[in-house]
Amino acid sequence: MDTLLDIGEVARRSGLAASALRFYERKGLIEADGRNGLRRAYRPETLERLALITCARDAGFRLSEIAAFLRAGPSDTRLREHLAAKEREVDARVAQLTRLRDSLRHAAVCEHDPLVECPEFKQAIRRVPEG
């Protein structure tokens with residue numbers, strides 16, 4: 001059997017608070033595999049699952065969507081359609097953030113005074129849709 005990780009160690013390695021781990025456990029997203037005294041203990045693979053959960057949350061997924069994804073099998077066509085729609089949303093957000101990054105990159109070196117009147121900066125900002 002793998003060495004179990006104490007909840008404090010999982011919290012430290014994942015960057016999440018122990019209270020978040022307990023919350024995720026109540027929601028069925030992760031599962032404790034035992035106890036170390038009174039403290040929950042988790043398998044090392046829990047860190048991978050937490051990384052997936054954190055990534056999905058950062059991309060705008062709700063916990064209920066993440067839970068459905070974690071339970072899904074290959075025949076879940078409804079979930080696959082939802083994931084494809086989410087992929088399009090994420091792709092659009094990446095494009096928006098890339099344009100914003102490029103605008104900020106220009107602003108950081110622009111010599112125009114005032115900066116907000118720079119024609120190139122104005123053009124770049126107009127390419128960044130409101131979101």
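Two strands count as paired if DSSP finds at least two bridges between them. Helices (H or I, at least four residues) and strands (E, at least two) are DSSP runs, numbered from the N terminus.

## Basis of the model

This is a predicted model, in which local features need pLDDT of at least 70, side-chain atom pairs count only at pLDDT 80 or more, and totals for chains, interfaces and linings use all residues. Residues are numbered from 1 along each chain as its sequence is written, and side-chain values use heavy atoms, with hydrogens and water left out.

## Overall build

The protein has six helices and three strands. From the N terminus, the order of elements is β-α-α-β-β-α-α-α-α. The radius of gyration is 21 Å, well over the 14 Å that the globule rule gives for 131 residues, so the protein is more spread out than a compact globule. That radius is taken over C-alpha atoms, and the rule is 2.2 Å times the number of residues to the power 0.38. Along the principal axes, the C-alpha atoms fill a box of roughly 65 × 35 × 20 Å.

Of the 131 residues, 27% are buried. Buried means under 20% relative accessible area, exposed means over 50%, and partly exposed lies in between (1.4 Å probe, protein chains only). Contact means heavy atoms within 4.5 Å. Among contacts between residues at least 6 apart in sequence, 46% join residues at least 24 apart.

## Surface and charge

The accessible surface comes to about 9200 Å². Carbon and sulfur atoms account for 52% of that surface. Areas come from the Shrake-Rupley method with a 1.4 Å probe; for residues, only the protein chains shown count as cover.

The protein carries 24 positive and 21 negative charges, and their mean positions are 5 Å apart. Lys and Arg count as positive, Asp and Glu as negative; His and the chain ends are not counted. Each charge is placed at NZ of Lys, CZ of Arg, CG of Asp or CD of Glu.

Three strands form an open, antiparallel sheet in the order 1-3-2. Strand 1 (5–6) and strand 2 (34–36) stand at the edges, each with a single partner strand, so one side of each has no neighbour in the sheet.

Strand 1 and strand 3 run antiparallel and are joined by two bridges. Leu5 stands opposite Tyr42 of strand 3. Strand 2 pairs with strand 3 (residues 39–42) over three bridges, also in the antiparallel sense. Gly34 has Ala41 as its bridge partner in strand 3, and Arg35 stands opposite Arg40. Strands 2 and 3 form a hairpin with two residues between them. In the turn, Gly37 has a positive phi of about 70°.

Which residues does Thr46 contact beyond its neighbours within four places in sequence? They are Ile30 and Glu31. Thr46 lies in helix 3 and is buried, with a relative accessible area of 9%.

Thr54 also lies in helix 3 (residues 45–58). Thr54 counts as partly exposed, because its relative accessibility is 28%. Thr54 and Ile66 are 12 residues apart in sequence, and their C-alpha atoms are 9.8 Å apart in space.

## A cis peptide bond

Asp113 and Pro114 are joined by a cis peptide bond, with omega about 0°. Pro114 sits in the loop between helix 5 (77–109) and helix 6 (119–126).
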